[in-house]
Amino acid sequence: MQFIDPHVHMVSRTTDDYERMARMGCVAVSEPAFWAGFDRGSVDGFRDYFRQLTEFEPQRAGWSGLTHFTWLCINAKEAENVELSREVIRMIPEYIDRTGVLGIGEIGLNKNTKNEAITFSEHLELASKLEELILIHTPHLQDKYKGTRMIIDMLHEHSEIDPGRVCIDHVEEHTVGLAKEGGFWCGMTLYPTTKCTPARAADIIEMWGDERIMVNSAGDWGPSNPLAVPDFIQEMRKRGHSQAKIRKIVYENPLEFFRQCRRFQFDGPAAADA
Ligand SMILES: [Zn+2]
């Protein structure tokens with residue numbers, strides 16, 4: 001089955017991974033800007049990163065026939081440096097209109113600190129001013145519920161931001177309701193160690209339905225699996241869910257969300273061979 005991985009950090013993956021994803025049916029990836037594993041020292045480090053995301057990665061994805069989309073921001077893990085964060089936020093407009101850029105992300109909170117909240121809020125102001133889609137990272141494990149609540153409260157303070165243009169990612173059983181009831185899109189991340197397993201993601205779909213929800217691998221430089229979406233497809237098949245329902249979650253839903261971006265362009269495969 002053809003699928004889209006709507007959250008995967010391909011700069012950390014090999015060209016073989018692109019090839020394996022393509023063989024499993026992946027037709028497009030969307031890559032949020034994130035933490036490189038070390039704090040970058042200057043705004044120029046982000047300039048180079050944004051060039052990599054908008055120039056080289058689309059080309060490398062294309063070698064395997066995949067379409068590459070991306071999101072720009074400074075990640076919450078680097079947001080403690082408010083001065084650098086401000087420089088990056090001021091620089092984002094230089095890159096935002098490039099082909100394949102879907103919006104601002106993944107922004108949000110990590111340890112729920114004051115500086116993270118300042119940087120998150122300034123990203124929201126930029127996204128609102130430029131009318132961009134927003135992709136939200138929610139914190140891990142013990143910080144997740146509190147962080148998700150804080151994020152949603154801050155989003156509500158921006159009443160001009162339409163929740164239908166925001167995706168709250170890494171939702172789990174205890175946070176999916178907060179996002180759904182707020183009218184937001186949701187992303188479920190399938191990680192081998194933390195976050196959801198394919199079975200938990202399928203349980204969540206069975207409880208909450210298949211509207212405004214997608215699944216991703218969030219593959220990156222840590223323990224992760226860029227073929228996690230096919231694992232979810234297999235889990236859903238074993239449970240007897242229809243092809244149409246599975247396809248909606250792994251293909252049509254991400255497209256429906258992305259299509260709201262004014263720059264969005266995608267010549268997807270025809271439904272007949274999907
Ligand atoms: Zn991520």
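This is a short talk on the fold of one chain, taken from a predicted model.

Okay, housekeeping. Numbering starts from 1 along each chain as its sequence is written. Since the model is predicted, local features need pLDDT of at least 70 and side-chain atom pairs count only at pLDDT 80 or more, while totals for chains, interfaces and linings use all residues.

So, the overall picture: the chain has 10 helices and eight strands, which are DSSP runs numbered from the N terminus (helices H or I, at least four residues; strands E, at least two). Its radius of gyration is 17 Å, close to the 19 Å from the globule rule for 274 residues, so the chain is as compact as a globular protein of that length. That radius is taken over C-alpha atoms, and the rule is 2.2 Å times the number of residues to the power 0.38.

Strand 7 (residues 185-189) runs parallel to strand 8, joined by four bridges, and Thr 189 stands opposite Asn 216. What covers the story of strand 8's faces? Both are covered: Ile 213 and Val 215 on one side, Met 214 and Asn 216 on the other, are all buried (20 or more other C-beta atoms within 10 Å of a residue's own, with C-beta atoms placed from the backbone).

Elsewhere, five bridges join strand 4 (residues 101-108) to strand 5 (residues 133-137), also parallel, with Gly 108 partnering His 137.

How values were computed. Buried ≥ 20, exposed ≤ 12 C-beta atoms within 10 Å, placed from the backbone. Pairing = 2+ DSSP bridges.
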